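Here are a few notes to keep beside you as you look through this structure. Take them in order, and turn the view as you go.

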Amino acid sequence: MARRALISGITGQDGAYLSAFLLEKGYEVFGIVRRSSASEAMTAKLKWLGVDQSVRLLDGNLTDLSSLIRIFREVRPDEIYNLAAQSFVQSSWNQPLLTAQVTGVGAANMLEATRLEAPGSRFYQASSSEMFGMAREPVQTEQTPFYPRSPYGVAKVFAHWSAVNYRESFGLHASSGILFNHESPLRGLEFVTRKVTDGVARIKLGRAGNLALGNLDARRDWGHARDYVRAMWLMLQQDRGDNYVVATGVTTSVRDLCRMAFETVGLEMEDHVTIDQRFARPAEVDVLLGNASKAKAVLGWQPTVGLRELVAEMVEADLKRVAAE
Ligand code: NDP
Ligand code: GDP
């Protein structure tokens, strides 16, 4: 019988790439989706990868434990990937309590549903490098202490420790992937990489004159989402659950990312980028840089896509999308 995977957050960037990856491996893929008035937009990312017809979507919400229990009883999953979250750092200051409920308590709800309904299954928690925040060490590993800088980061720390605690308390096969920023043509438009590649496409095609950004000095360790969902799956194939940092080991400033993106279409960022304080944050994460040695040694994982290639793929996809509008 095919193995059954249940994904929360299946309509997001990682949910779409993970679905494609698991289908390719012969899994039956189920997803939890929250009801929306724009139901046609809901499956856009799955459609982009051509897998919307191959997954089964079930109506539920991370904040409603009864909906999760009903879904778990119906699916009887072998592997559970908890990817759902209010995932945008900037919004977490505007909606701190919702972020705590979905990103934090929502993960605890998923763990409870697993403990009650599928204790023999394997659980993946989408932890984040944002937990390192004001990083206590220049290069972050699984041992680096957390210092979150946003309501999002705080909620992710709660979710992370909940996964560790369920592993230690109840013997759940729960793994926490501390993933550094990962991007793709399916990244939400509000995140800086996609905002830049979409902006570059609009400027190149004469649909916009400039691009307003916030802090250009922030540095991130950016990888490709396709590489990162493979790491999630690898974690669940191990004999026991554990924590793993997943990163490229290269950090780049927003300014250099921007320069790269403009260069791919023969433009100079200095001619088009303006600074708008609306995009500055109440507390910033200045620099993130991960060391994925453990993932490499234990999982045999390493990234295959560098930032220049990733940015070129994103700009090309956005040029096509904007041209078709
Ligand atoms: P997205 O924002 O693209 O996807 C988030 C998903 O969560 C969407 O499917 C969304 O549904 C769903 N969701 C939100 N609220 C609820 C809710 N109350 N109930 C059920 N589903 C809900 O995120 P990514 O794919 O980029 O990231 C996946 C996970 O990994 C997230 O937890 C994120 O925080 C984490 N992460 C991401 C990193 C990155 O760089 N991408 C880095 C580290 C961690 P809808 O489509 O309806 O909005
Ligand atoms: P995050 O690392 O999860 O917060 O991912 P983002 O892509 O949202 O932001 C990455 C970094 O880019 C942060 O340090 C932001 O302050 C910085 N940044 C600069 N300008 C912008 C902008 O216009 N939008 C966003 N989203 N981030 C910006």
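Which of the 18 residues around ligand 2 come nearest? They are Lys195, Gly214, Arg220, Arg281 and Glu284, where a residue counts as near if one of its heavy atoms lies within 4 Å of the molecule.

Before the points, a word on conventions. This is a predicted model, in which local features need pLDDT of at least 70 and side-chain atom pairs count only at pLDDT 80 or more, while totals for chains, interfaces and linings use all residues. Residues are numbered from 1 along each chain as its sequence is written, chains are lettered from A and ligands numbered from 1 in the order in which they are written, and side-chain values use heavy atoms, with hydrogens and water left out.

1. Start with the overall layout. The protein chain is divided into domain 1 (4-182 + 222-246) and domain 2 (188-220 + 250-289 + 305-324), with bounds from an automatic or database domain assignment. Taken over C-alpha atoms, the domain centres are 26 Å apart. Domain 1 gives 23 residues to the contact and domain 2 gives 27; contact here means heavy atoms within 4.5 Å.

2. Now back to ligand 2. Its shell draws at least three residues from each of domain 1 and domain 2.

3. Ligand 1 has 23 residues around it, and Thr11, Arg34, Asn61, Ser87 and Tyr152 come nearest. An oxygen atom of ligand 1 lies 2.6 Å from a side-chain N or O atom of Thr11, and a polar side-chain atom of Tyr152 is also 2.6 Å from a ligand 1 oxygen. Asp14 takes part through a backbone N or O atom, at 2.8 Å. For ligand 1, the protein covers 88% of the 910 Å² of accessible area that the ligand has on its own.

4. Which element gives the largest share of the shell around ligand 1? Strand S5 does, with three residues. Helices (H or I, at least four residues) and strands (E, at least two) are DSSP runs, numbered from the N terminus.

5. Helix H4 (residues 65-75) is worth a look. Ser67, Leu68, Ile69, Ile71, Phe72 and Val75 are buried there, meaning under 20% relative accessible area, with exposed over 50% and partly exposed in between (1.4 Å probe, protein chains only). The buried residues of H4 pack against strands S1, S2, S3 and S4 and helix H6. After H4 comes Arg76, with a positive phi near 50 degrees.

6. Finally, find Ser253 in strand S12 (residues 252-253). Ser253 is buried, at 7% relative accessible area. A polar atom of the Ser253 side chain lies 3.0 Å from the backbone nitrogen of Asp256. Leaving aside neighbours within four places in sequence, Ser253 is in contact with Leu216, Asp217, Ala218, Arg219 and Trp222.

Methods:
Polar contact = N/O pair within 3.5 Å; in protein donor to acceptor, adjacent residues only side chain to side chain. Areas by Shrake-Rupley, 256 points an atom, 1.4 Å probe, with all protein chains shown as cover.
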